[in-house]
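Here's a quick briefing to read alongside the structure. Have the sequence and the 3D view open as you go.

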Amino acid sequence: LSRNSLNSTLPNFERLRELQTLRLSDNKFSGPLPTALNPGLTELDMGRNLFEGQIPPQLGNLSSLQFLDLSSNKLTDRKST
């Protein structure tokens, strides 16, 4: 779904048990990054969107993940006060 100018917040992808690759780059998705993702995900490309907030620590639990791109978003490394 990359490069389609899609704009919305993201749904919960956790129920897509067979999903291994999720490419959503170069769109206009906004809001926080999803915290519930399929643990078998090997590729996650969410770069060049409008995501905001912190990178969820749950991403560290994706033990099969081989590629991750979160570049060019509005992400922070700490909670805003």
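Predicted model: local features only at pLDDT ≥ 70, side-chain atom pairs only at ≥ 80, totals over all residues.

Strands here are DSSP runs of E with at least two residues, numbered from the N terminus.

- Three strands make up an open sheet, in the order β1-β3-β5, with parallel pairing.
- β1 (21-23) and β5 (67-69) sit at the edges with a single partner strand each, so one side of each has no neighbour in the sheet.
- On average, neighbouring strands of this sheet are turned by 10° against each other, direction ignored.
- Three bridges link β1 to β3 (residues 43-45) in the parallel sense.
- Within that pair, Leu22 stands opposite Leu44 in β3.

**The nonpolar core**
- In soluble globular proteins, nonpolar side chains tend to be buried together.
- Here, the largest nonpolar core has 15 residues.
- Leu22 and Leu44 turn up again in this core, among the residues with the most contacts inside it, and so do Leu10, Phe13, Leu24, Leu37 and Met46.
- Leaving out residues up to four places away in sequence, Leu10 touches Leu24, Phe29, Pro34, Met46 and Phe51.

**Two loop residues with positive phi**
- Asp26 has a relative accessible area of 24%, so it counts as partly exposed.
- Ser72 lies in the loop between β5 and β6 (74-76), and its phi, near 55°, is also positive in a non-glycine residue.
- Ser72 counts as exposed, at 53% relative accessibility, because the cut-off for exposed is over 50%.

Methods: Residues numbered from 1 in each chain as written. Heavy atoms only, no water. Core = buried A, V, L, I, M, F, W, Y, C linked by side-chain atoms within 4.5 Å. Buried < 20%, exposed > 50% of the residue type's maximum accessible area, 1.4 Å probe, protein only. Contact = heavy atoms within 4.5 Å. Pairing = 2+ DSSP bridges. Helix = DSSP H or I, 4+ residues; strand = E, 2+ residues; numbered from the N terminus. Axes fitted to C-alpha atoms, helices over the stretch in contact; angles between N-to-C directions.
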